Amino acid sequence: MTSELDIFVGNTTLIDEDVYRLWLDGYSVSDAVALRVRSGILEQTGATAAVLQSDTMDHYRTFHMLERLLHAPPKLLHQLIFQIPPSRQALLIERYYAFDEAFVREVLGKKLSKGTKKDLDDISTKTGITLKSCRRQFDNFKRVFKVVEEMRGSLVDNIQQHFLLSDRLARDYAAIVFFANNRFETGKKKLQYLSFGDFAFCAELMIQNWTLGAVGEAPTDPDSQVDDMDMDLDKEFLQDLKELKVLVADKDLLDLHKSLVCTALRGKLGVFSEMEANFKNLSRGLVNVAAKLTHNKDVRDLFVDLVEKFVEPCRSDHWPLSDVRLFLNQYSASVHSLDGFRHQALWDRYMGTLHGCLLRLYHD
């Protein structure tokens, strides 16, 4: 008796995106097989359960071997063991470094250390994300942080160069690294309404305007260790912010500032009377936040302070977002008409960023 057998030989590594997703999500082989069966794949392909089990195990072995290369993505591009088309390589890298919104919100601003890693069991239970997936995401954050923390130049460019991520994902990682480095508080109850996207938006503004890299400053001391110019806030700038205190400490300046804003917004603001009555408190809140940023604790509490000093008072008076925008535009611009004020550039650098952040933090 003779049998005919068709054989196909190839050297391209096959990647099943659905199985890759299950592997990234931390499912065991048996759980992945069960989920694939539930999806109807046996009926669609005519395969047996044994073949599906074998296929899943084979994919998992491949992903496990690829993982060490994914830890340093340029190695994946230059290795010769796995024949993977460039488009597939990009997909493997991008999805490996993708993260869950629920997970990143739990660790954003925390130190990427063993102490935080011990909390992953609780985070897994709280978010419903498997512990294995939590560990992968945490290790990815930590790996990127370790690689770029000592590098000069653009944080986003460094991440893209060393991890080959898309522009959007690299910007997200830049925000995660920036928050971890500066330890911004994001976990307080009053901040829970904010998404990772809200914080990432603010991080990008701060990186662009409040860091040493933002103004292209280089250390004057050739032996200086200031290498992470996009990661650290500009300490000299934070010290100088104390000069803004005159805007609320000098009664004449405060009264004139209020007068200029009220004159410009009369008839244009739906909450004009509330703004007029609360102007001085709002202004003191915004200026005092600036004046306190010389202390590490106050830097960490920046978002807590902005919500307490500005967002909550406006929200309690039912300001629509359009009125918040009008107010901040005029509040920022009118300072340029205060003859007794001598720190216009400093004010613009501070309020330019704060203006954007406050609009993003304000959910009416």
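Domain bounds here come from an automatic or database domain assignment. The model is predicted: local features need pLDDT of at least 70, side-chain atom pairs count only at pLDDT 80 or more, and totals for chains, interfaces and linings use all residues. Residues are numbered from 1 along each chain as its sequence is written, and side-chain values use heavy atoms, without hydrogens and water.

**Exercise 1.** Locate the domains, then describe the contact between domain 2 and domain 3.

*Solution.*
Step 1. The assignment gives domain 1 (17-84), domain 2 (101-210) and domain 3 (235-361).
Step 2. The C-alpha centres of domain 2 and domain 3 are 29 Å apart.
Step 3. Contact (heavy atoms within 4.5 Å) takes 19 residues from domain 2 and 21 residues from domain 3.

**Exercise 2.** What area is buried between domain 2 and domain 3, and which residues of domain 2 lose the most?

*Solution.*
Step 1. Buried area is the accessible area (1.4 Å probe) that two parts lose on being put together, summed over both.
Step 2. Between domain 2 and domain 3 this is about 1,900 Å². Carbon and sulfur atoms give 68% of it.
Step 3. In domain 2, the most area is lost by K190, Y193 and W210. Together they make up 36% of what that side buries.

**Exercise 3.** How many salt bridges are counted between domain 2 and domain 3?

*Solution.*
Step 1. A salt bridge needs a side-chain nitrogen of Lys or Arg within 4 Å of a carboxyl oxygen of Asp or Glu.
Step 2. The count between the two domains is 3 salt bridges.
Step 3. K190 forms a salt bridge with E308. Their closest N and O atoms are 2.9 Å apart.
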